[in-house]
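Here's a quick tour for someone meeting this structure for the first time. Take a look at the sequence and the 3D view, then read on.

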Amino acid sequence: MEYDVLIIGAGPAGLTAAFEASSAGARTGLLDENEHPGGQLPKQIHKFFGSKRHMAGMRGYEIAGKLASKAFEAGVSFLPKSRVFNITNHSSYKEVAYIYNNKVKVIRTKQLIIATGARENPLAVPGWTLPGVVTIGALQTMMNIYQVLPGNRFIIVGSGNAGLVVAHQILLAGGQIAAVVEAQNQPGGFAVHAAKIARLGAPVLTNHIVTSIKGSQKVQGVTIAHLNSQNNTFTMDADIVALAVGFHPAYELAQIAGVKSIFNNHFMPCHNQNMETSIEGIYCAGDSACVEEASIAMEEGRIAGAASAAKLGCLNKTEAHVKIAQAHQYLNKLRGYNKLNGAASSEQAAIESKTLTAAVAGSKALIRCSEKIPCNPCVSSCPAKAISMKPDITGLPQVDLAKCNGCKTCIAACPGQAIIAIDARDANSCKITIPYERYPVPKPGETWYGTDIHGNKICKVQILKTASRMSFDKTILVTFNTAREFALKIYDITT
């Protein structure tokens, strides 16, 4: 078997690279050790950040399906359940050895793209080998692929986006979060992710570390220490400890092939602007090059696929240059994320007050996004073009209240659940509409509690209506009535 371009790894980088190479006319093969394509995307049930180009606002498993469909429609040959164990470099081709159905097979290819993703970091503390200690990726597989919640009371170690997202999914599945333990002085992930779990009562213990995991035959608890206090340790009960302490590139195949590497906390392959490594004709893309976001993996895959096709003569060099330059422009924007402190600024408070006043003229959108996240589904989803970002995708979204018609489409589109709508035409009360994605679903006429950003009950609210559309993608819009004085304090509702 022989290909012009062979990609190892069918995640977002590999699928995008395969599409680019095959659509240019290259005979393209795609190997993956899993049965289905998508890499980590099939177990991601939350909506993704980014832009329309990266299918932002869609859930991970939906993105996997879209990327795979595009690649296969372009003529990519997919070889699932194939575990690569060796790469041999020859002057005019590369030889890739893999195991399929317990048999060793070999493929020749002119160009090779390694998109093998990342591996999760362990946490070597006393008790880390006890049953009940899992990585965050394994936990997602159990919950979102096999629908198994492996415990009742969870401790998450690490508050990056992965830790915060999975903590939220645990809460939606009916589990308890005893704590999210974070060594830094603030959560490492997006503020909107931290806010989602805070609203559901999950504590994030910053400036804390796990010093040991307790239990005889399985996890029964953890010992936690405060970094800024002497002799301040305590134990929390838990039956599952989920490790979200980072990732490192799955670099092994590049190493076997003889690719030169650099060390920056972890080994990663050296590559140029075209994602080509130190060995001509071998490229890397996605987390196997450097661990970043899925949208960045797609752009790197696009570069590697276009560059490999151009080198074969399948793609016009000028066209390839345009594709690659455009991808680098997006990479620069996506990497321009500037983390803020998370809490709403005085400017945000002024916007909220202005929105409440403007809502006298009708229902108006209020965006509670306080970080410059590279994300704009709110902009692209607004039919009235009332939402804008300056200077680019990493700016804070702004609502032109004069243009906002109160359609509420942006509420469902926001991956961070950071948009609500306010209707303050009544002198004494306000109608608030929020996104809702859990059970039980409120019913009109019921009385619930409005809660603040920390999950504290503020006041009773009356449920007026719920709205669910196909375009909302499983996000329900819940509208309730509350006293005007509480309107800006409410972030969520609970029974």
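Predicted model: local features only at pLDDT ≥ 70, side-chain atom pairs only at ≥ 80, totals over all residues.

In which kind of crossing, left-handed or right-handed, does α7 pass α8?

## Helix α7 and its partners

The crossing where α7 passes α8 is left-handed. Helix α8 covers residues 317-334, and its axis comes within 9 Å of the axis of α7, with a crossing angle of roughly 165°. Since angles over 145 degrees count as roughly antiparallel, α7 is therefore roughly antiparallel to α8.

Helix α7 (residues 294-312) also packs with helix α1 (residues 12-23), at an angle of about 30° and with the axes 7 Å apart. That makes these two, α1 and α7, roughly parallel. Their crossing is right-handed.

## Helix α1 meets α2

Helix α1 has a pairing with helix α2 (residues 60-73) as well: the two axes come within 8 Å and cross at roughly 25°. Angles under 35 degrees count as roughly parallel, so that's the label for α1 and α2. As for handedness, α1 passes α2 in a left-handed crossing.

Phe85, Ile99, Val104 and Val106 make a nonpolar surface patch of about 340 Å².

Let's pick out one of these residues, Val106, which sits in strand β6 (residues 103-114).

Note on methods:
Residues numbered from 1 in each chain as written. Heavy atoms only, no water. Patch = residues over 30% accessible without salt bridge, like charges linked within 9 Å, V, L, I, M, F, W, Y side chains within 5 Å. Areas by Shrake-Rupley, 256 points an atom, 1.4 Å probe, with all protein chains shown as cover. Salt bridge = Lys/Arg side-chain N within 4 Å of Asp/Glu carboxyl O. Helix = DSSP H or I, 4+ residues; strand = E, 2+ residues; numbered from the N terminus. Axes fitted to C-alpha atoms, helices over the stretch in contact; angles between N-to-C directions. Parallel < 35°, antiparallel > 145°, perpendicular 65-115°, else oblique. Left-handed = near helix turned anticlockwise from the far one by under 90°.
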